[in-house]
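Biologist: Could you take me through one part of this model at close range? I would like to start from a single pairing and then follow its surroundings.

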Amino acid sequence: MSIFSDNIVFLRGKKNVTQHKLADELILTRSRYVSYEYGNAEPPIEVLIRISKYYNISIDLLVTVDIRKYPLEEMVNLPGNKILMPVIVDPAGNNYIEIVPQKASMGYLKGFSDPEYIESLQKMHLPFLKNGKYRAFLADGDSMPPFADQSIIIGEYVEKFEDLKPGKGYIFVTSEGITYKTLFKKNKKNITVSADNLFYEPYDIALEDISEIWSYAQGILPKDYKPHYLPNQVNLKNLVDEAKRSISNLENGILTLSQ
């Protein structure tokens, strides 16, 4: 039997329905449905969609993941018939936060929907982050400015595109990699994001290229971290200070002339 066959047998058992009743629900003959459970035939895409909607589980999970290993009640159900897997908890029922190293970002892009990959990541628990699903991303070098090397950036999973708010920071998982940016604006086809460094122009990301979005929730700085100014920030500060001095001198000159 295939993973798909094992999955639909398992799911039918969880719902406690007969093959005949389920076949009726899926608008199939019983013999045709049974052929899928026995692995004697593969369902066409329209039947896969019906089964996916019936169980509210995405097609990719139905055909690629042995869901018997991961209790459904521990998965995060998302809109659009998707599931974020897995939600790992400790014996007390507290959610663990998986840590994704930046050096392993390409592996994460391929395995973020793979329970075994997610389970292999290092984990931590922060008691003050209780509600929602969180994941942590480790900055490496200058991979996620303005966060310093070895900072941990924790994000809360964003379920709906409509929940994105301009001016807020987000971690975007795209086909190009993992990046931290501030949302500038959004429309139906793409979003415009900007770096905290104002010397870089905002740029667009197509929605179809985005795999996950995590809203910035908490940052953990590395040991012995000291904030520092970037060279262009120093230059900008000098320009502002010079402008203040010029305005002050101008005001003093006007005051002297009026006396």
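Which residue in E6 is the bridge partner of Phe-137?

Modeller: Happy to. The partner of Phe-137 in E6 is Ile-153. Before we go on, this is a predicted model, in which local features need pLDDT of at least 70 and side-chain atom pairs count only at pLDDT 80 or more, while totals for chains, interfaces and linings use all residues. Residues are numbered from 1 along each chain as its sequence is written, and side-chain values use heavy atoms, with hydrogens and water left out.

Let us stay with E6, which covers residues 152-157. Strands (E, at least two residues) and helices (H or I, at least four) are DSSP runs numbered from the N terminus. Five of the six residues of E6 are buried, so this strand is largely enclosed by the rest of the structure. Here buried means under 20% relative accessible area, exposed means over 50%, and partly exposed lies in between (1.4 Å probe, protein chains only).

E6 has neighbours to pair with, where pairing requires that DSSP finds at least two bridges between the strands. Five bridges join E6 to E5, and these strands run antiparallel. Six bridges join E6 to E11 (residues 210-220), again with an antiparallel course. Within E11, Ser-215 stands opposite Glu-156.

Past the strand, Glu-159 sits in the loop between E6 and E7 (169-174). With a relative accessible area of 43%, Glu-159 is partly exposed. Its C-alpha atom is separated by 8.9 Å from that of Glu-212, a residue 53 places away along the chain.

Now step across to E5, the partner strand of E6. Side chains of opposite charge can pair when their charged atoms come close. A salt bridge is counted when a side-chain nitrogen of Lys or Arg lies within 4 Å of a carboxyl oxygen of Asp or Glu. Arg-135 and Glu-98 meet this way, at 2.9 Å from N to O. That pair links distant parts of the chain, with Arg-135 in E5 and Glu-98 in E3, 37 residues apart. Both Arg-135 and Glu-98 are buried.

Glu-98 has another such link, to Lys-133, at 3.0 Å from N to O. Here the distant parts are the loop between E4 (122-124) and E5 (134-138), which holds Lys-133, and E3 (residues 97-101), which holds Glu-98, 35 residues apart. Lys-133, like Glu-98, is buried.

A search of the whole structure finds three salt bridges. One of them joins Arg-12 and Glu-37, with an N to O distance of 2.6 Å. Arg-12 belongs to H1 and Glu-37 to H3, and the two are 25 residues apart. Arg-12 counts as buried at 16% relative accessibility, and Glu-37 is buried too, with a relative accessible area of 2%.

These helices also bring us to H4 (residues 45-55), where Val-47, Leu-48, Ile-51, Ser-52 and Tyr-55 are buried. Seen down the axis of H4, these buried residues fall within an arc of 140°, so they line one face of the helix; the arc is that of the directions from the helix axis to the C-beta atoms. They pack against H1 (3-15), H2 (19-25), H3 (30-37) and H5 (59-64), with contact meaning heavy atoms within 4.5 Å. Just after H4, Asn-56 takes a positive phi of about 55°.
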